[in-house]
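Here's a quick walk through the ring packing and a few contacts in this one. Have the viewer open while you read.

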Amino acid sequence: MSSSTAFPGQSPLAETAPLSLCAREPHVPADRLVAEMVPPPRFDSVRFDTYVPDPNQPSQSEAVTVLEGFAAGLGGAHATGSGRRKWFASKKPAAPAGPRGVYLDGGYGVGKTHLLASLWHATPAEPSLKAFGTFVELTNLVGALGFQQTVRTLSGHRLLCIDEFELDDPGDTVLVSSLLSRLVESGVALAATSNTLPGKLGEGRFAAADFLREIQGLSAHFRPLRIDGEDYRHRGLPEAPPPYSDEQVTRAAYATAGASLDDFPGLLDHLAKVHPSRYGALTDELGAVCLTGVTAVPDQSTALRLVVLADRLYDREVPVLASGLPFDQLFSDEMLNGGYRKKYFRAISRLTALARDAKGLVAQ
């Protein structure tokens with residue numbers, strides 16, 4: 001289709017054709033992975049005072065109070081980047097025994113990431129001394145830098161925030177357990193979010209009993225903080241718009257600056273060729289993602305890659321307009337009842353929110 005093409009009844013479309021995610025093969029240097037360990041754009045401006053607790057869920061207000069105190073307690077920390085450091089500055093009392101971190105547990109959309117990002121912002125330290133990333137991004141960093149270099153890079157930090165903390169295989173269990181133990185020894189404070197309590201990590205995904213020592217070691221680093229509530233993305237909001245036609249999606253892609261346009265099965269195939277650590281770069285400078293022919297995801301490996309892409313799109317607030325099946329039919333009943341169900345429900349929740357954001361892209 002030429003750049004000057006217009007659909008019947010519409011003015012001429014965008015001057016250039018839509019982008020294609022399938023044409024992108026980003027290469028991300030390791031230093032970019034480190035530099036980007038900050039709260040994503042969606043959470044640039046969040047703070048504790050912008051979090052609106054549900055009055056019917058007292059645990060939400062309690063979480064804000066606990067986290068504000070946790071951030072204030074980090075004010076005297078001194079990051080040297082090497083060796084074992086004191087938890088507080090020399091004039092502060094010695095660190096109390098027990099967990100060196102907080103662990104926010106709760107359902108989808110109760111604001112855990114908002115609170116985690118608020119903690120990052122509230123901690124009195126230079127951004128270079130605070131790190132924020134998802135569990136997947138942390139393991140990808142180790143893959144890019146190597147274990148020892150990751151320890152050296154992060155051990156000078158005052159705080160490490162880990163969003164979406166989940167253990168999906170034995171290798172990750174041992175890796176993260178060892179990494180966090182080394183960082184805690186260096187005086188790094190930890191904060192994490194998940195839908196699974198620390199002592200339950202790994203359940204339903206692999207033979208957790210075989211790795212009980214590692215899992216219990218991880219749990220010992222955290223003080224659990226339960227946050228109850230319903231998914232805020234669905235509080236009083238209309239249902240996500242149903243899928244559009246292929247023609248409507250294509251029209252919107254050509255009419256929206258910076259939009260991409262891809263066939264959904266083709267995109268799934270392309271994701272298998274790009275390392276998940278690069279999915280953030282894959283979505284650089286996108287104005288919208290337009291997908292035609294959405295179908296059920298064929299297998300679990302493909303589904304898990306789609307989950308990572310959904311997370312990166314949600315972080316960057318990229319609207320998603322699609323034709324085909326609605327997003328709540330992406331995953332089979334077997335997947336939704338299996339060990340990765342929490343990942344899949346999170347992806348559905350986030351894609352639904354992004355589909356709602358995309359409603360204004362369609363000409364009425």
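Which residues does Asn 140 touch, not counting residues up to four places away in sequence? They are Leu 33, His 275, Pro 276 and Ser 277, with contact meaning heavy atoms within 4.5 Å.

Before going on, some ground rules. This is a predicted model, where local features need pLDDT of at least 70, side-chain atom pairs count only at pLDDT 80 or more, and totals for chains, interfaces and linings use all residues. Residues are numbered from 1 along each chain as its sequence is written, and side-chain values use heavy atoms, with hydrogens and water left out.

**Around helix H4**

Asn 140 is found in helix H4, and at 13% relative accessibility this residue counts as buried. Here buried means under 20% relative accessible area, exposed over 50%, and partly exposed in between (1.4 Å probe, protein chains only). Val 136 is also found in helix H4, but at 21% relative accessibility Val 136 counts as partly exposed. Pro 276, one of the residues that Asn 140 touches, has its C-alpha atom 8.2 Å from that of Val 136, with the two residues 140 apart along the chain.

**The rings**

A search of the whole structure turns up five aromatic pairs. Rings of Phe, Tyr and Trp (its six-membered ring) pair if their centres lie within 6.5 Å; planes under 30 degrees apart count as stacked, over 60 as edge-to-face and the rest as tilted. Two of these pairs are set out below.

| Pair | Geometry | Centre to centre | Angle between planes |
|---|---|---|---|
| Tyr 103 and Phe 222 | edge-to-face | 5.4 Å | 70° |
| Phe 135 and Phe 165 | tilted | 5.1 Å | 45° |

Tyr 103 lies in strand S1 (residues 101-106) and Phe 222 in strand S5 (residues 222-227), so their pair ties together parts that are 119 residues apart in sequence. Phe 135 belongs to helix H4 (residues 135-145), while Phe 165 is in the loop between strand S3 (159-163) and helix H6 (170-185), so this pair links parts 30 residues apart in sequence. Helices (H or I, at least four residues) and strands (E, at least two) are DSSP runs, numbered from the N terminus.

How exposed or buried are these rings' residues? Tyr 103 is buried, with a relative accessible area of 0%, and Phe 222 counts as buried at 3%. Phe 135 is buried at 2%, and Phe 165 is buried at 0%. Ring pairs link Tyr 103, Phe 135, Phe 165 and Phe 222 into a cluster.

**Charges over rings**

The charged end of Arg 42 sits over the ring of Tyr 314, 3.8 Å from its centre. Likewise, the charged end of Lys 130 sits over the ring of Trp 120, at 4.2 Å from its centre. The test is NZ of Lys or CZ of Arg within 6 Å of the ring centre and within 35 degrees of the ring normal.

**The whole chain**

The protein chain has 13 helices and eight strands, and 51% of its 364 residues count as buried. Among contacts between residues at least 6 apart in sequence, 86% join residues at least 24 apart.

As for confidence, pLDDT is the predictor's confidence in each residue, from 0 to 100. The chain's mean pLDDT is 82, and 79% of its residues reach 70 or more. Over residues 77-97 pLDDT stays under 50, and the model has 38 contacts beyond four places in sequence for them.
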